[in-house]
Amino acid sequence: MSYYQGNDLRKPTGGLKGEKRSKRKYELGSPPVNTTLSSSEEKIHVRTLGGGVKYKLKKALYINVAVPDEKAVKKVKILDVVETPSNPQNARFKIISKGTIVKTEVGLVKVTSRPGQDGVLNGVLLKK
C-alpha cells in the first residue's frame with residue numbers, strides 16, 4: 001500500500017474536485033520507521049528521488065550525547081526509554097523519536113535528531 005501525500009481532491013466545503021491528473025512518484029511517502037531500543041544497531045538503506053541515499057535507523061543501542069558543561073560529545077549506551085511527550089504509548093513500546101527522553105549511562109538525555117530521517121541518534125544531557 002502506498003502513502004499518498006498529495007492533494008486530497010476535496011474542496012474546503014467538502015465537495016469533490018475533478019481529478020486533473022494521476023498521482024506522481026514525488027507525492028508518495030513511506031511508512032514511519034519507529035526506531036526501537038534494541039541490543040544491536042540496524043539501519044535501513046533507502047534510495048531517494050534523484051538518486052540520493054537516506055539511512056533510516058530501525059534499531060538503536062547508542063546515542064551521541066552533547067554535554068554542555070564539558071563542551072564535548074560522548075557516545076553512550078541507552079538503558080531505557082523514560083518518556084515520549086508526543087505519544088505516551090511510544091515509551092511503553094520503547095520507540096525513540098525526536099523529543100524522547102532516554103535513560104543512559106551518564107543520565108537523562110533528550111533526543112534532538114530524527115532517527116527515522118537522519119539514521120543517527122543525537123541528544124542533549126538534561127541531568128546526571
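Trainee: Leaving aside neighbours within four places in sequence, which residues is Ser 113 in contact with?

Mentor: Ser 113 touches Lys 98, Asp 118, Val 120, Leu 121 and Asn 122, where contact means heavy atoms within 4.5 Å. Bear in mind that this is a predicted model, where local features need pLDDT of at least 70, side-chain atom pairs count only at pLDDT 80 or more, and totals for chains, interfaces and linings use all residues. Residues are numbered from 1 along each chain as its sequence is written, and side-chain values use heavy atoms, with hydrogens and water left out.

Trainee: Where is the place of Ser 113?

Mentor: In the loop between strand 10 (108-111) and helix 2 (115-118). Helices (H or I, at least four residues) and strands (E, at least two) are DSSP runs, numbered from the N terminus.

Trainee: Is Ser 113 buried or exposed?

Mentor: Ser 113 counts as buried because its relative accessible area is 5%. The cut-offs are under 20% for buried, over 50% for exposed and partly exposed in between, with a 1.4 Å probe and protein chains only.

Trainee: And what does the side chain of Ser 113 reach at 3.0 Å?

Mentor: The backbone oxygen of Val 120. A polar atom of the Ser 113 side chain also lies 3.0 Å from the backbone nitrogen of Asn 122.

Trainee: Next, Gly 123. Which strand is Gly 123 found in?

Mentor: Strand 11, residues 122-127. Gly 123 is buried too, since its relative accessibility is 4%.

Trainee: How many residues apart in sequence are Gly 123 and Lys 74?

Mentor: 49, and they are 9.9 Å apart in space, C-alpha to C-alpha.

Trainee: Change of topic: what is the strand order in the open sheet of four strands?

Mentor: 4-5-3-8, with mixed pairing. The edge strands, each pairing on one side only, are strand 4 (42-47) and strand 8 (95-96). Two strands pair if DSSP finds at least two bridges between them.

Trainee: In which sense do strand 3 and strand 8 pair?

Mentor: Antiparallel, over two bridges, with strand 3 covering residues 35-37. Thr 36 stands opposite Ile 95 of strand 8.

Trainee: Last one: which residue lies over the face of Tyr 4?

Mentor: Lys 23, at 4.7 Å from the ring centre. The charged end of Lys 75 sits over the ring of Tyr 62, 5.0 Å from its centre. The rule asks for NZ of Lys or CZ of Arg within 6 Å of the ring centre and within 35 degrees of the ring normal.

Technical notes
A polar contact is a pair of N or O atoms within 3.5 Å; within protein, one must be able to donate a hydrogen and the other to accept it, and residues adjacent in sequence count only if both atoms are side-chain atoms.
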